[in-house]
Amino acid sequence: NLNTLSLPDALPILSAFALNASAAMMPGSLPIVVINEVDANQTGTDAAEFIELYGSPNTPLDGIVVVFFNGSASGANPENSAYAAYDLDGYSTDANGFFVLGNTGVNGAQLIFPGNSLQNGADGIGIYFGNATDWPNGTVAVQANLIDAIVYDAATSGGNAVDQNLIDILTPGGVQLDENVNSTSVTHLS
């Protein structure tokens, strides 16, 4: 639930999906920020997509970038390559530890990206140390400087094939989360 999870409520999500063994960490600590919730698909045009990050309250996000990955080849861009990247320089988590990137239809989004931007197929989102300029369109996903990631499927019927290659890069040993797992793809990502 966007900006409503208390730390005890968030722990199952964090431990099950976000705190993967490959997450980059500051020495002696947990990752700076993790992906807490994603909504990539709504009824009709996707105008309320969001990525909710979670970390310590009031943590500066300088030097961190969120990257969207296409699980399929597209035009000249290879499979599992970046199609958008957003610098988090100058932003911080809020007093509850949340930071939200989203469309204009997302109340409280701190960083706005265009509507209908998050792809609905088998795709991924990664948080990296770096800058958006490190991730021009077509740059293939890598583990280097990765903080946290998710591979998801937001298809509305039947789901998409599992993108094992993207899982192996972004979340080794993890799974592809299916927004349609409970036949409710337009309301949540499980």
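**Two sheets, one chain**

Modeller: Strand 8 and strand 9 pair in the parallel sense, over two bridges. Keep in mind that this is a predicted model.

Colleague: Why do strand 8 and strand 9 count as a pair?

Modeller: The cut-off for a pair is at least two bridges. Strand 8 and strand 9 have two, so they meet the definition. In this pairing, Tyr152 stands opposite Leu177 of strand 9.

Colleague: How do you know that strand 7 and strand 8 are paired?

Modeller: Six bridges join strand 7, residues 123-129, to strand 8, residues 146-153. The definition asks for at least two, so this is a pair as well. The two strands run antiparallel. Ile125 stands opposite Ile150 in strand 8. Tyr128 stands opposite Leu146 in strand 8.

Colleague: What holds paired strands to each other in general?

Modeller: Strands of a sheet pair through backbone hydrogen bonds, in a parallel or an antiparallel sense.

Colleague: What makes strand 8 largely enclosed?

Modeller: A residue is buried under 20% relative accessible area. In strand 8, eight of the eight residues are buried, so the rest of the structure largely encloses this strand.

Colleague: Which strands form the sheet of five, and in what order?

Modeller: The order is 4-3-7-8-9. The sheet is open, and its pairing is mixed.

Colleague: Why are strand 4 and strand 9 said to stand at the edges?

Modeller: Strand 4 (81-87) and strand 9 (177-178) each have a single partner strand, so one side of each is left without a neighbour in the sheet.

Colleague: What is the order of the sheet of four strands?

Modeller: That open sheet runs 1-2-5-6, with mixed pairing.

Colleague: Now the loops. Why is Glu49 called buried?

Modeller: Its relative accessible area is 0%. Buried means under 20%, so Glu49 qualifies. Glu49 lies in the loop between strand 1 and strand 2 (50-55).

Colleague: What makes the approach of the Glu49 side chain to Asn116 a polar contact?

Modeller: The Glu49 side chain reaches the backbone nitrogen of Asn116 at 3.2 Å. The distance limit is within 3.5 Å. The backbone nitrogen of Ser117 also lies 2.9 Å from a polar atom of the Glu49 side chain.

Colleague: Why is the phi of Asn116 worth a remark?

Modeller: Asn116 has a positive phi of about 60° although it is not a glycine. Most residues other than glycine have a negative phi. Asn116 sits in the loop between strand 6 and strand 7. Asn58, in the loop between strand 2 and strand 3 (64-70), has a positive phi near 55°.

Colleague: Is Asn58 buried or exposed?

Modeller: Asn58 has a relative accessible area of 52%. Exposed means over 50%, so Asn58 is exposed.

Colleague: How many helices and strands does the protein have?

Modeller: There are two helices and nine strands. Along the sequence they read α-β-β-β-β-β-β-β-β-α-β. Of the 190 residues, 48% are buried.

Notes. Residues are numbered from 1 along each chain as its sequence is written. This is a predicted model: local features need pLDDT of at least 70, side-chain atom pairs count only at pLDDT 80 or more; totals for chains, interfaces and linings use all residues. Side-chain values use heavy atoms; hydrogens and water are left out. Buried means under 20% relative accessible area, exposed over 50%, partly exposed in between (1.4 Å probe, protein chains only). A polar contact is a pair of N or O atoms within 3.5 Å; within protein, one must be able to donate a hydrogen and the other to accept it, and residues adjacent in sequence count only if both atoms are side-chain atoms.
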